[in-house]
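Here are my notes on the model you sent over. Have it open while you read, and go through the points in order.

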Amino acid sequence: MKSVLRIACSRRHLQQVRDFVRNYLSSRQLSEVTVNQVVLAVDEVVANFIIHANGEDENQFLDLELAINEHDLNVEIADHGDTIFLPGAHQSPDLRDYIRQGRKGGMGMTLVNRLMDRVEFFTRGNHTVCHLSKHLA
Amino acid sequence: MKVTAQPSADTLTLLLDGELDASSAIVLDTELAKPDILNFHKVLIDCAKLSYISSAGLGVFISHLQRFQDANVKLVFFNMQEKVFNVFEILGLDALMTIVPSATEAEAA
């Protein structure tokens, strides 16, 4: 069973994205923690696409697709903007440094990589696509 | 996201209600950035009704922590839901921030 959602590139739509993922997973016997982990990973990638790849341009949009095959959740987030957005290699942030520097950002993709089993960014034509997957016990 | 401030003697308690994400983090940031907050000895964050936090929400706390420490203001989280605590744990922030189960322990921290 697949489920799809299209949103304009505004951070106001993040709540709608989270509700979409929660609703999709609601029929599964999953713990609150597991559901929240998937919701968080999708929210972080979508926020990155909205803010960093599209500059919060509401004329741009993102397509989300959720699918479960047996016990594996697969998420596709497709950007339709012209900026190719490929986050660099995942590194563990030094949080003590972040605290000393008063940094606000830079943890989102670390979270995504720790929450999901597989995280892939690639290009499709002139656009960026992100695939996330997680085995749901 | 709704933030309710409850000042009491030398302690300020902030009750967080809702979901803290890249859209709503500004509400909390505005509250924590107020200069008067450094007049308190302790800022307690009541997370009982905080149902979600993303990296943007965590970033708000991280960005103010050093400022609080420099002013000898202790930041203590309490009543945190398991799914929210899990996010702190995944990043290792539970080792860098004071998170206790209850209001009683927060007041004693």
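1. Two residues count as in contact here if their C-beta atoms, placed from the backbone, lie within 7 Å. Helices (H or I, at least four residues) and strands (E, at least two) are DSSP runs, numbered from the N terminus. With that in hand, the cover over the buried residues of helix 1 of chain A includes strand 1 (2–8), helix 2 and strand 2 (61–69) of chain A, along with strand 3 (42–53) of chain B.

2. Some housekeeping. This is a predicted model, where local features need pLDDT of at least 70, side-chain atom pairs count only at pLDDT 80 or more, and totals for chains, interfaces and linings use all residues. Residues are numbered from 1 along each chain as its sequence is written, with chains lettered from A and ligands numbered from 1 in the order in which they are written.

3. Which residues of helix 1 of chain A are buried? They are A:Leu14, A:Val17, A:Arg18, A:Val21 and A:Tyr24 (buried means 20 or more other C-beta atoms within 10 Å of a residue's own, exposed 12 or fewer, partly exposed in between, with C-beta atoms placed from the backbone). On the face turned away from the buried side sit the exposed A:Gln16 and A:Asn23.

4. Now its partner. Helix 1 (residues 14–25) and helix 2 (residues 32–53) of chain A pack at about 145°, axes 9 Å apart (axes are lines fitted to C-alpha atoms, for helices over the stretch in contact, and angles run from 0 to 180 degrees between N-to-C directions). Helix 1 of chain A brings residues including A:Val17 and A:Val21 to this contact, and helix 2 of chain A brings A:Val38 and A:Val42, among others. The contact residues divide into 10 nonpolar, no polar and three charged (Ala, Val, Leu, Ile, Met, Phe, Trp, Tyr, Cys and Pro are nonpolar, Asp, Glu, Lys and Arg charged, and the others, Gly among them, polar).

5. On to the chain contact, which takes 28 residues from chain A and 25 from chain B. On the chain B side, helix 2 (55–70) and helix 3 (82–91) of chain B each give two or more residues, and helix 2 of chain B gives the most, with 10. By class, that side has 12 nonpolar, eight polar and five charged residues.

6. Last, look at A:Gly125, in the loop between strand 4 (118–124) and strand 5 (127–135) of chain A. A:Gly125 counts as exposed because it has 7 C-beta neighbours inside 10 Å.
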